[in-house]
Amino acid sequence: MELDEMTVRGVMRVYEFVISQLMGENGTRLTTDMMRVDHIDAGTKTIYLDTEKGVLYNPFRPGDILMVQRFSVDGIIKQYELQVVTAKVGDTSKGEERLDSITYKNFVGDEGSVVFRDVLTRVDSATNSDRKGVIKQTSVEEGSPYLDVLYGMKTDPDNAVRLRLGRLAGIITYWWGQLQGYGLYSNNAYLLGDFRLRTGEDVRTKFEVMEGMLQSAMQSIVNTMTEEDNFLKNASFQDDMAYWERESDMALFDIGGQLLDLGVNFYSEKNKVADIDSFDGRFMLRIKRSHIRQLNADITKPEDGSVIFLTLKYHCAEEGILTAGFSGSAPYVEQVIPAGEGFDILEISGVWNGTGDFLLKFTGDLYIEQLTLTNHPLEDYKKEVSTKFEQTAEHILAVAEEVNKIDHTIKTAGWITTADGNKLWATITEVDSLGNRVTTHESSFHVTAQQINAIVSRIDKAEDDLGIIDHTIKTAGWITTADGNKLWATIDRVDVLGNRVTTHESSFHVTAQQINAIVSRVDTIDGTISNAGWITTADGNKLWASKTLENGDTIVSYINQAADSVTINAKHIKLEGLVTANGNVQFTTDGKIIAKNGEFSGTVVGVSGSFKSLNCVNNSGDIVGGISFGSDGKMWFNGDLYHQGYDYDKKRSFRFYTSDVWCRGNFGARQRNTLVVYGSYGYYYVNGLDTETGKVYVSLPSATSSNNETYYTIPLYGTTGDASGFPVDLVIIKVSGTYRYLLSGMKSQRVTVMNANNQNSEIYIYSNGNKVKWPGGTIADCRNIADFMSPSPASNLLGRGWIVGAMNDNNW
């Protein structure tokens, strides 16, 4: 069978598999023992393994540490781990139905999450040194791509990476700090062949050069645990057994009533011991078939809900059962400790509820070098320190370094001396849990024959809510030369690609000829460069500021002060307080200008003001009109007054709104304000009858008269939209059928009503309780004179006050 492509949705079993090309679709691969879960029996702590129909066999061994971890785009969605107690192969006579199994302990995670087809993967071994190794290769994890040889991934995680090939980011060593770039990192390397350096030298030549170098290096790991870090009082037993209750049973031997003295101590047999004893040349706590207890009142309480770690470093001289912790609350352990050589470490963790006494009990013979109860594992209190001294013909170098896991810092300090001068420096780097640098502080002091300078810098890494990372670089320092002194500081914000986003810089410079100070800012986001500063010389002072815009234009302002003049140049000048000029002009603090005379050319823009008169002049300066303001509040216009034009946005002529107009001369209108009625609705023709554009719809309110007849009210004054304030002069009724209307308008209002349907004579207008018929083609004027009629019409009459003038029936 020959295929171009094949997808297998289930399980494919192949007894011999020849591969020409292997394409990996997973970004991370582990070379180790693996097998899938068939099911779990949590009651017996047994996991049954899927043998893939009898093909596979149990690869696990007692002591193996197994792990299951599953990822999605949102991160880890499943994770648990366990330690194998026993490993069995099932009944081989069952063939394809055979199930292998393991029993387990130290399960970390949720046993309920163990399901069919979970892949158990060996990542370490607690007992077998030949099964602690794993080979891992990844191209998707942070810091990838790389290939790792791991040994002790769970039992010694800080030193698990024994070899890395690929990208070295994330590895921190005492000698080189955090590694960068691509290459090889290994505990040991045996290499054959020629090896070239970046300079072109081969390694053999380089070693010959190094024969003339004196070098000394020291390294050690220091435990920084202090008595204050321990929640237990006197856990180092420096004050003997203070704060501890204990149980001891010792028998002394005598001869003839005299204690048997061996010259050093009395001869005795210690049946039960809980005391300070000597072992391996050191004093430490010994518990032999006994116990010690610290009362709850003497124990420092951690924050509620915090995880605490109980750690014992011990030597077991005689096997027994260890009981340690708080009965009824974590952390608590009860297990067999076998006798062994050297010292071992036991560490357990849990959330303590704050109750109970602390108990440490052993049924065998146990020497305890270290006992801690803290909110950190013991590994975190290790501090790596190293020093290096190097002397060559060219330089003398001294370097000291410290790696502290509690405060996540790497500190370095040193000095170097060459023929050019001396340099003294120190750095502090704060790293996160992944080993990435978060903050770096660095300072240096440099002395040469030409200058002395000092520099301090700080680099901060920050990540916002969107996951965007940028860095802030702050630097400050001073430099002294024979020419003068300079003091300066800078702040740079850099994005994740290393591009500078903003730069702030300031400096103060003193020479024999001048003193100057400058502050600048470069902003690549808005493309501007801003500078400001001052210069003092024997000739005078100069204060200036400039800004270069994205388009290349530059704005500059300055003040020049000399012995005989002061010059101010700026795009905007802001003066505060009362300003006067020669006693003729005043600028008051409330914004008023007081001057004897004024002459303006161009445009004057004002918000408010007061005038007695304004003249209108032509191009020759002749007065052709004007406006005067009387003391009685009247405005007098001398000349023609025009208010006309067209509003193209609103598509209509300009309007003149006013409350009252008194006209002593001619008054005319080219068009009349018209409302056209179509039965129960109408339109205000606000832009005239010669266009349909802009007409405003109005719904006519309806009501029922006393004789049960429906009528509609015609509003003679617009109140909505573009018709607001629109007084009606002419009503055109254009409708078929019988309609009754009530006019609604102000007293004294006059309106002309026209029945524009010559074939409909069933139109009626109410006038003082009467229905006045408007035959087709009829036109008449109506006026509202309510309260001025005698006798006065009743107030409940429809059309009260409306008088209908002469009618004219126009037939067509």
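**Strand pairing and salt bridges in a predicted model**

Strand β55 (residues 750–755) and β58 run antiparallel and are joined by five bridges, where strands are DSSP runs of E with at least two residues, numbered from the N terminus, and two strands pair if DSSP finds at least two bridges between them. The model is predicted, with local features requiring pLDDT of at least 70 and side-chain atom pairs counted only at pLDDT 80 or more, while totals for chains, interfaces and linings use all residues. Residues are numbered from 1 along each chain as its sequence is written, and side-chain values use heavy atoms, with hydrogens and water left out.

- Strand β58 (residues 778–784) has a covered face made up of T778, A780, C782 and N784, whereas I779, D781 and R783 lie on the uncovered one.
- As background to such a pattern, the side chains of a regular strand alternate between the two faces of the sheet.

**The open sheet β40-β41-β42**

- Three strands make up an open sheet in the order β40-β41-β42, and their pairing is antiparallel.
- Because β40 (579–581) and β42 (593–595) stand at the edges with a single partner strand each, one side of each is left without a neighbour in the sheet.
- On average, neighbouring strands of this sheet are turned by 10° against each other, direction ignored, the axes being lines fitted to C-alpha atoms and the angles running from 0 to 180 degrees between N-to-C directions.
- Strand β41 (residues 585–587) is joined to β42 by three bridges, antiparallel, and F587 stands opposite I593 in β42.

- R131 forms a salt bridge with D33, their closest N and O atoms being 2.9 Å apart; the pair links distant parts of the chain, with R131 in the loop between β7 (119–125) and β8 (133–138) and D33 in the loop between β1 (28–31) and β2 (34–41), 98 residues apart.
- R131 counts as buried at 14% relative accessibility, where buried means under 20% relative accessible area, exposed over 50%, and partly exposed in between (1.4 Å probe, protein chains only).
- D33 and R131 also belong to a network of salt bridges that links them with D64 and R122.
- K154 and E81 meet through their side chains in a salt bridge (3.1 Å, N to O), and this pair likewise links distant parts of the chain, K154 lying in the loop between β9 (146–151) and β10 (161–167) and E81 in strand β5 (residues 75–88), 73 residues apart.
- At 30% relative accessibility K154 counts as partly exposed, whereas E81, at 19%, counts as buried.
- D275 and R246 form a salt bridge through their side chains (2.9 Å, N to O), linking strand β19 (residues 268–279), which holds D275, to strand β15 (residues 245–246), which holds R246, 29 residues apart.
- D275 is partly exposed at 28% relative accessibility, and R246 is partly exposed at 40%.

Technical notes:
Helix = DSSP H or I, 4+ residues; strand = E, 2+ residues; numbered from the N terminus. Salt bridge = Lys/Arg side-chain N within 4 Å of Asp/Glu carboxyl O.
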